[in-house]
Amino acid sequence: MFIVLLGAPGSGKGTAGKIIAEDLKLAHISTGDLFRENLKNETELGKEAKQYMDKGELVPDEVTIKMLKERLKANDVANGAVLDGFPRTGVQAISLDNMLAEMDAKVDMALNIDVPFDEIVERIANRRSCRGCGEIYNVVFSPSKVEGVCDKCGGELYQREDQKPEVVENRLKVYSESAEELIKHYENAGILYNAKAGDKHKKTSYDVAKEVEAYINK
Ligand code: ADP
Ligand code: ZN
C-alpha cells in the first residue's frame, strides 16, 4: 500500500506518517530527510538542493523525482510506503503515478492534514533540531531536559535555517501555491482523506494516525 501525505510543513505529517508506517509495516520515505542526508554527506545532490532548501523553495522536479525513483527501488519498499513530502507539485504527482504503475502499484490514499496556518507558524518557530541525531524538540511542548542539549545523544540543539520565521512564511506560501493542485489530483482519483488537526481541533498527530489506521482497517 502507498499512502501520500499532503499537509503544510509543520502540520505534523512527519509524526503521523512515522506512526502509520510503523503500524502498517510500510517504509517511511521523507524527501526532506533524504535531502538533508545528502547535505550532511556533502554529495553533489546535497550541494544542489541546499541553495533551494535554505530559502524554503522547492528543489527542481527533475532532481527530486530522480532521487525518489532510486529510493523506491530499495527492499524495504516491497510492502509499500508512506510518502512524506512527495509529491509537492503536479508534475511530481503524475510522475509518482507512473513510477508506481511500473511497479504494479498505485497511490491508495492521500492523507491531507489540515492545520490552521497561525498554529503552524508558531509551532515551527518553537522547533529545535539536534545536530547529532536529528531529533526534534519543541521549546514549549516537548523541551529537552537541559536547554540546548539533546536528551538522546547530548548533541547541540539549534534552529534549522528553514525554521526561521521569514523562511517559514515562504515555505507556507510555496506550499499553498501547489496544495490545491495536489488535493484536486487525489480528489479526482477518489482517494483523498481529509483530517482536520491541531490545537483548535484538539487533535494531535497521534490521533490523526490512529483515525487513518481505523479507516484503512475498516
Ligand atoms: P517541511 O518541514 O517543509 O515538510 P521537509 O523536511 O519535507 O520540510 O523538506 C525540506 C525542504 O526540502 C523543502 O523546503 C524543499 O526545499 C525540499 N523538498 C522536500 N521535498 C521536496 C519535494 N517533493 N520537491 C521539492 N523540494 C522538496
Ligand atoms: Zn541528538
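How far does helix α1 (residues 13-24) reach from its first C-alpha to its last? The span is 16 Å for 12 residues, close to the 16 Å expected at 1.5 Å a residue, where the expected value is 1.5 Å times one less than the number of residues. Helices (H or I, at least four residues) and strands (E, at least two) are DSSP runs, numbered from the N terminus.

The model is predicted, so local features need pLDDT of at least 70 and side-chain atom pairs count only at pLDDT 80 or more, while totals for chains, interfaces and linings use all residues. Residues are numbered from 1 along each chain as its sequence is written, chains are lettered from A and ligands numbered from 1 in the order in which they are written, and side-chain values use heavy atoms, with hydrogens and water left out.

Returning to α1, its buried residues are Lys13, Ala16, Gly17, Ile19, Ile20 and Ala21; buried means under 20% relative accessible area, exposed over 50%, and partly exposed in between, with a 1.4 Å probe and protein chains only. These buried residues pack against β1 (2-7), β2 (27-30), β3 (81-84), β4 and α8 (205-217), contact being heavy atoms within 4.5 Å. After the helix comes Lys25, with a positive phi near 55 degrees.

Strand β4 (residues 107-114), one of the packing partners of α1, pairs with β8 in the parallel sense over five bridges; two strands pair if DSSP finds at least two bridges between them. Within this pairing, Tyr193 of β8 has Leu111 opposite. Tyr193 belongs, with Ala195, to the covered face of β8 (residues 192-196), whereas Leu192, Asn194 and Lys196 form the uncovered one. In the loop between β4 and α6 (117-125) sits Pro116, which is buried at 18% relative accessible area. Leaving aside residues up to four places away in sequence, Pro116 touches Ala197 and Lys200.

Cys130 lies in strand β5 (residues 127-130) and Cys153 in the loop between β6 (136-138) and β7 (157-158), so the pair ties together parts that are 23 residues apart in sequence. For comparison, ideal angles for four tetrahedral donors are 109.5 degrees. Cys130 is buried at 4% relative accessible area, whereas Cys133 at 40% and Cys153 at 43% are partly exposed. The disulfide count is zero, with a disulfide taken as a pair of cysteine sulfur atoms within 2.5 Å.

The strand that holds Cys130 also takes part in an open, antiparallel sheet of three strands in the order β6-β5-β7. Its edge strands are β6 and β7, each pairing on one side only. Three bridges join β5 and β6 in the antiparallel sense, and Arg128 stands opposite Tyr137 in β6.
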